[in-house]
Amino acid sequence: MSKDAVNTAAATPRTDAAAVPADAGDAGYSKDLKARHVNMIAIGGAIGTGLFLGAGGRLHNAGPALAIAYLVCGIFAFFVVRALGELVLYRPSSGSFVSYAREFLGEKGAYIAGWMYFLNWSTTGIADITAIALYTHYWSLFTDIPQWVLALVALAVVLAVNLISVKIFGEMEFWFAIIKVATLVGFMLIGIFLLATRHEVGGRTPGLSVITDNGGVFPHGMMPVVLVMQGVIFAYAALELVGVAAGETAEPEKVVPRAVNSIMWRVGLFYVGSVVLLALLLPGSVYSADQSPFVTVLSKIGVPAAGDVMNLVVLTAAMSSLNSGLYSTGRILRSMAMAGSAPKFTARMNRSQVPYGGILLTCGVCVLGVGLNFLVPAQAFEIVLNVASLGIISTWVIIMVCHLVFVRRAKDGQVTRPSFRLPFSPVTEITTIAFLLACLGMMGNDPEVGRKTLLLIPLIAAMLVAGWFGIRRGVSRTADQELSQLTK
């Protein structure tokens, strides 16, 4: 629906979510996701390779202060999801923030939100299949298989799961999350035992002395902590999946608040808690970017097959991310296609009520990633990961801007805010947007990859502008058709 059409529809005050014109992209979905699925999707979004693998290099660079970085970024990530949760309870939609951008920012806003999110997940998908291939090469059984072949097999398996039904997707995410949580809990119990018994780890006695004797909380000063913020933000990417999944659950008003509120303590327990434990067990200098910090600790105490177990978990995390990316982009692209701002075929659904058109388009981009793995297997992961960070930061900024407009309309009496609300609006939204833009600016301090990534922004902007001029007539026709149906 166009901005003019939305404004016309919004001219009449509404008293409940049911009075809001439904997004055409929401029609036809099943409601097969249960509360346990949505809760675990929330956990899965909060725990990924950013913790299992990325924390090693960040601990090496920032030291124990990494826990502070995770906490600060986690708070802002929670604000984003809380704002999205309020919008979901106002009007559940599988189009999620794209649907809300259409209502509150107009079709141009929805167009930018949708394609930047597609950029995020399609490039993240390339990173995921690259990671899966790299992790699989860890075992000697697969070392002779080319990296691009393993990437293609992983993509085919996850594609098949997504196309069967949303219930199968939910079950797969449920068990992926169970594996990740069980691993983290198991490690934390081992770490607490090592601390309590003063058991030596790599020839050192764990405790506060590990921190104080190795430069303190900020061993390299404040700047490394500031610089890791951008990478830490990406570690929280996928939390917004809760908003997309809410469109396919029968009772979003019960499920969403519980899932969103639980994110904060999960961040505190799993991210901050595990990083504090890691810092108390070994100095930051011992950890490295090419090994999971959990494997580093377990190998120092002689746990057999520690590397194999953790490699399997990290492999699971990458599969989970790829699974979620195909799921969410399929729903987002369908919402856009129904408004005319995405190819028509991405609106198609199969008999299992799965939007296969959008999922196949994302897979098409990921196939290009298979080619990237063939041409430059060593650089493929870093190249796409930085491009994906542009997509997730823009998506989160758009969510907060939508919420600002939503609150303003609520004050004007045009919409009614649910009881589940983002606190301290509009200060919370403005502060979060400023923080996210600052994280984007921090990429300029990385001459190797970050600055090159920032140079892509004008190119992406030019492509978005060109794309808009290519589809605006179709968007206008679709909006006119919807408006005529509303006025019948």
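Colleague: What percentage of the 488 residues of the protein count as buried?

Modeller: In this predicted model, 57% of the 488 residues count as buried.

Colleague: Why is Phe76 called buried?

Modeller: The relative accessible area of Phe76 is 13%. Buried means under 20%, so Phe76 is buried.

Colleague: What makes the pair of Phe76 and Phe79 edge-to-face?

Modeller: The search of the whole structure finds 16 aromatic pairs. For Phe76 and Phe79, the ring centres are 6.0 Å apart and the planes stand at 85 degrees. Centres within 6.5 Å make a pair, and planes over 60 degrees apart count as edge-to-face; the pair is therefore edge-to-face. Both residues lie in helix α5 (residues 66-90), three residues apart, about one turn of the helix.

Colleague: Why is the pair of Trp115 and Phe118 called edge-to-face?

Modeller: The ring centres of Trp115 and Phe118 are 5.3 Å apart, with the planes at 85 degrees. An angle over 60 degrees counts as edge-to-face, so this pair is edge-to-face. Trp115 and Phe118 are three residues apart in helix α7 (residues 107-136).

Colleague: Why does Thr431 count as partly exposed?

Modeller: The relative accessibility of Thr431 is 38%. Partly exposed lies between the buried limit of 20% and the exposed limit of 50%, so Thr431 counts as partly exposed. Thr431 is placed in helix α19 (residues 427-442), and its C-alpha atom is separated by 8.7 Å from that of Phe76, 355 residues apart along the chain.

Colleague: Which residues do ring pairs link into a cluster with Phe76?

Modeller: Ring pairs link Phe76 with Phe78, Phe79 and Phe435.

Technical notes: Residues are numbered from 1 along each chain as its sequence is written. This is a predicted model: local features need pLDDT of at least 70, side-chain atom pairs count only at pLDDT 80 or more; totals for chains, interfaces and linings use all residues. Side-chain values use heavy atoms; hydrogens and water are left out. Helices (H or I, at least four residues) and strands (E, at least two) are DSSP runs, numbered from the N terminus. Buried means under 20% relative accessible area, exposed over 50%, partly exposed in between (1.4 Å probe, protein chains only). Rings of Phe, Tyr and Trp (its six-membered ring) pair if their centres lie within 6.5 Å; planes under 30 degrees apart count as stacked, over 60 as edge-to-face and the rest as tilted.
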